[in-house]
Amino acid sequence: MMALVLPRIAPQVPRTIAPGALLAANATVSRFLIEAEAFDESDIPATWSDSLDACRQALDGWLKRQIGALHCLKPRFALHMVSSDGDYYRYYGGQPPKDFDFDAMEASWCECHEQEWPVGAGLEALSARVPGLGSVILHVLRRQSAFVYPLFTPDIACDVATYLYWCGEEDEEAALDMNCGEDEEEREAMRTEMVSKATLEACFPAWTRRWPRGLELAQCARFLRRAIKHQSDPSAKAVAEEALALASLDIDDSFRHDIDGEFVGFGAVLSWTEGDVTTRIYDDLLNLAHQGEYCEHMGEVRVPLDDPGAFGAWQRAMASRFEAIRRIDRLIHHLSAGN
Amino acid sequence: MNQAEFSIQAPSAGTVHLRRAVLIYDGQQGSALATVHDIEEVDGEAVIGAGQAMTPRAAMDLARALLKRTAHGGFLPETVLYMDGDLIVWWVPPARCHIAFRVDEEHAEAFGGRERGDSVPHPGLVFAASGRVWRVWAVKGVGRPTPATPLFQVPYFNVDVRGNICQGNVPVPEGTTVEKIAAWNDAFLRSYFTHPNGPGKLVRYRGGAYAFWREMLDGRFRRFPERVLVDVKMTLGGLLGITEGT
């Protein structure tokens, strides 16, 4: 009896076909990453048919190992090819560009899916236990997130409101003058509709609305150490320890984005209470930004193709930022009680 | 729990992978059946799995994927006469429009100048374009052509007796979709006509094509004189391999 055998496709038949220009581009990037020693050998998948996808999987594995599982944030890192003219390699299903003069690789990061996290109750509960603890933790969060994973905090919401709604003034009166003149009825109607100074004052406690001038990280760290020492509540202690660890990280602005336009690269919206005016201001900022140039990258680095070692240096320099992302995520999770 | 992710923005969307095999069965009287089989991997080798009959819709989806630049869909203008794969045939009704010539020194005097152009009446035209052909014929009358409509040699330079358009340095549009018809018309009518292509008569006119176009440009005719068109002894249906009524 003849055995049933599925018809085999001859090995001469290619399993994958790719345009030449694309293969060349992929090979360039793969070689760059290998020379940069961007990942361990163990990160490379056991079997693969596309070298670039294998590199992506290896980098993805490396990143996941660096940052670990997160509760609230979902960072997305991306690597772009850049020409000597500063143009990005773009290709959406048509013919890949043939004469793209590769010159550099650019790594950048942003948040995939920013969400609102109400932190008011959590911060107030901490301050009820240790006066000032909520304020210090919020300051550590906004200070240490600024160059690694910026958060849309109440003080930023108040600042944005001044130029979104109030013509850059301290309150809405100039905007009302401009739109309604002396018509009191019209002024009141507009004031009711708009985000007014009273809206912000009702929404956020005074200590959240302004960046506390003069409060340095070293002072915050001293305060947190004292709070940890005298705190018996394990939950409050855990939050203070997390904030202290975050405050102790050395983070500079080395990889700041270099893009003109409105910055909207926030990792999360920290509202005071769920559904308060913070999200409205944030949405209005996004709408305004999307009408012109805007930047949604939190940070970036451009490395020349002939200097793959610089990419490895960037990866090493990101270690403290990865830790910061992890700790920022845990703090938001604690403060919003896992909402 | 969330996880960070890393992507490389060097899209590999142009890469195609072997996923399915299509087996085609031809009948004796033009009938055909196709079956689609998944490609499976067994012991590291690609094998053809069990298949199922390819439905007409699946066949059309596959055709669309294969002919991305010629995909047709949506409403058709009445000037479109025929479509088959990436071939599109359309009609340009008789109209007055600008035409430009740049002839050689030898004919310049008889033509009334080396470079001339003006708005003149044109006959109805039928164009055919695909990835491989770009042809044009003239038709008489103002009615929309049918398979029975006789075709005539176009009276223009740079077109041979079979209707093939000499492309020269003219950039042609990419793709043959309905939206590209105006671009194809422009590519032909807005280029310089330089010389008759090959043997054969372009027009039945005393003095030939140069004399005809000189007098056209001199404004002798208010309407295109259809009597000058040369019959190519073929109908539109005959050209497309179809008979009237089919």
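Biologist: In this predicted model, what percentage of the 246 residues in chain B do buried residues make up, and what makes a residue count as buried?

Modeller: Buried residues account for 40% of the 246 residues in chain B, and a residue is placed in that class because its relative accessible area is under 20%.

Biologist: Why is Lys233(B) called exposed?

Modeller: Lys233(B) has a relative accessible area of 72%, and exposed means over 50%, so Lys233(B) is classed as exposed. Lys233(B) is found in strand 14 of chain B, which spans residues 230-235, and together with Lys140(B), Lys201(B) and Arg204(B) it forms a positive surface patch.

Biologist: What makes that patch of Lys140(B), Lys201(B), Arg204(B) and Lys233(B) positive?

Modeller: The patch is formed by lysines and an arginine, and it is called positive because Lys and Arg count as positive.

Biologist: Which residues form the nonpolar patch on the surface, and why is Leu66(B) called exposed?

Modeller: The nonpolar patch is formed by Val22(B), Ile24(B), Leu62(B) and Leu66(B), with about 380 Å² of accessible area together; strand 3 (20-26) and helix 1 (56-66) of chain B each supply at least two of its residues. Leu66(B), found in helix 1, has a relative accessible area of 65%, and because the exposed class begins over 50%, Leu66(B) belongs to it.

Biologist: How do you know that Arg65(A) and Asp40(A) meet in a salt bridge?

Modeller: Their side chains come to 3.5 Å, N to O, and the criterion is a nitrogen of Lys or Arg within 4 Å of a carboxyl oxygen of Asp or Glu, so the pair qualifies. Arg65(A) lies in helix 2 (residues 51-67) and Asp40(A) in the loop between helix 1 (20-35) and helix 2 of chain A, so the pair ties together parts that are 25 residues apart in sequence.

Biologist: What makes Arg321(A) and Asp252(A) a salt bridge, and is Arg321(A) buried or exposed?

Modeller: The closest N and O atoms of Arg321(A) and Asp252(A) are 2.8 Å apart, which is within 4 Å, so the pair is a salt bridge. Arg321(A) lies in helix 14 (residues 319-335) of chain A and Asp252(A) in the loop between helix 11 (234-247) and strand 6 (262-263), so the pair ties together parts that are 69 residues apart in sequence. At 3% relative accessibility Arg321(A) is under 20% and therefore counts as buried, whereas Asp252(A), at 38%, counts as partly exposed.

Methods:
Residues are numbered from 1 along each chain as its sequence is written. Chains are lettered from A and ligands numbered from 1 in the order in which they are written. This is a predicted model: local features need pLDDT of at least 70, side-chain atom pairs count only at pLDDT 80 or more; totals for chains, interfaces and linings use all residues. Side-chain values use heavy atoms; hydrogens and water are left out. Patches are made of residues with over 30% relative accessible area and no salt bridge: like charges are joined within 9 Å, nonpolar side chains (Val, Leu, Ile, Met, Phe, Trp, Tyr) within 5 Å. Accessible areas come from the Shrake-Rupley method with a 1.4 Å probe; for residues, only the protein chains shown count as cover. The place of a charge is taken as NZ of Lys, CZ of Arg, CG of Asp or CD of Glu. Helices (H or I, at least four residues) and strands (E, at least two) are DSSP runs, numbered from the N terminus. Buried means under 20% relative accessible area, exposed over 50%, partly exposed in between (1.4 Å probe, protein chains only).
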